[in-house]
Amino acid sequence: MIPNIRFGDERTYKLSCAGITKHDVIAVGSHGCMKLVVERAYFQRGLNYVIESLKPSALIVYGAMPQEVFAPYQEMGIEILQFDSEFMQSRKAVDA
């Protein structure tokens, strides 16, 4: 089983990592968290806390994966696998 880490603001960071094994594979959802600058900032801070706390071997991302957010973790050697949300898939079908 791969834990899906969910967080809001700083008040939820510690709880979001509670009971999760370090150095393992984790998943996060970025869908709906990248469009607005303030939302992206919340996501980046939360993701940074999760990465520093859990030091995952791999990260599965459901939704958008902007390089400016995820590149530092790839540079750290964390394998990142991205999957489009259903909304992203439907937009690609319309645009095709």
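A helix here is a DSSP run of H or I with at least four residues, a strand is a run of E with at least two, and both are numbered from the N terminus. In these terms helix α1 is followed by G19, a residue whose phi is positive, near 80 degrees. The model is a predicted one.

- Strand β2, made of residues 25–29, runs parallel to β3 and is joined to β3 by five bridges, with G29 standing opposite Y62 of β3.
- Strand β3, which covers residues 58–62, is likewise parallel to strand β4 at residues 79–83, and five bridges join the two; here Y62 has F83 of β4 as its bridge partner.
- Strands of a sheet pair through backbone hydrogen bonds, in either a parallel or an antiparallel manner.
- Together with helix α3, which spans residues 67–75, strands β3 and β4 make a β-α-β unit that is right-handed.

**Helix α1**

- Within helix α1, which runs over residues 10–17, the buried residues are Y13, S16 and C17. These residues cover an arc of only 80 degrees around the axis, which puts them on the same side of α1.
- An α-helix has 3.6 residues a turn, so residues three or four places apart point the same way.
- The other side of α1 carries R11, K14 and L15, which are exposed.
- The cover over the buried residues of α1 includes β1, at residues 4–5, and α2, at residues 37–54.

**Helix α3**

- Helix α3 has V69, F70, A71 and Y73 as buried residues, and what covers the buried residues of α3 includes α2 as well as the strands β3 and β4.
- After α3 comes G77, whose phi is positive, near 95 degrees.

**Aromatic rings**

- F43 counts as buried because its relative accessibility is 4%, and the cut-off for buried is under 20%.
- Ring pairs link F7, Y13, F43, Y49 and F70 into a cluster.
- A charged side chain also meets a ring, as R45 lies over the face of Y42 at 5.1 Å from the ring centre.

**Positive phi outside glycine**

- H23, although not a glycine, has a positive phi of about 65 degrees; H23 is placed in the loop between α1 and β2, and at 54% relative accessibility H23 counts as exposed.
- K55 is not a glycine either, yet K55 has a positive phi of about 45 degrees; K55 lies in the loop between α2 and β3 and, with a relative accessible area of 44%, is partly exposed.

Technical notes: Residues numbered from 1 in each chain as written. Predicted model: local features only at pLDDT ≥ 70, side-chain atom pairs only at ≥ 80, totals over all residues. Heavy atoms only, no water. Buried < 20%, exposed > 50% of the residue type's maximum accessible area, 1.4 Å probe, protein only. Arc of directions from axis to C-beta. Contact = heavy atoms within 4.5 Å. Pairing = 2+ DSSP bridges. Right-handed = clockwise from strand over helix to strand, strands pointing away. Phe/Tyr/Trp six-rings, centres within 6.5 Å; stacked < 30°, edge-to-face > 60°. Lys NZ or Arg CZ within 6 Å of the ring centre and 35° of its normal.
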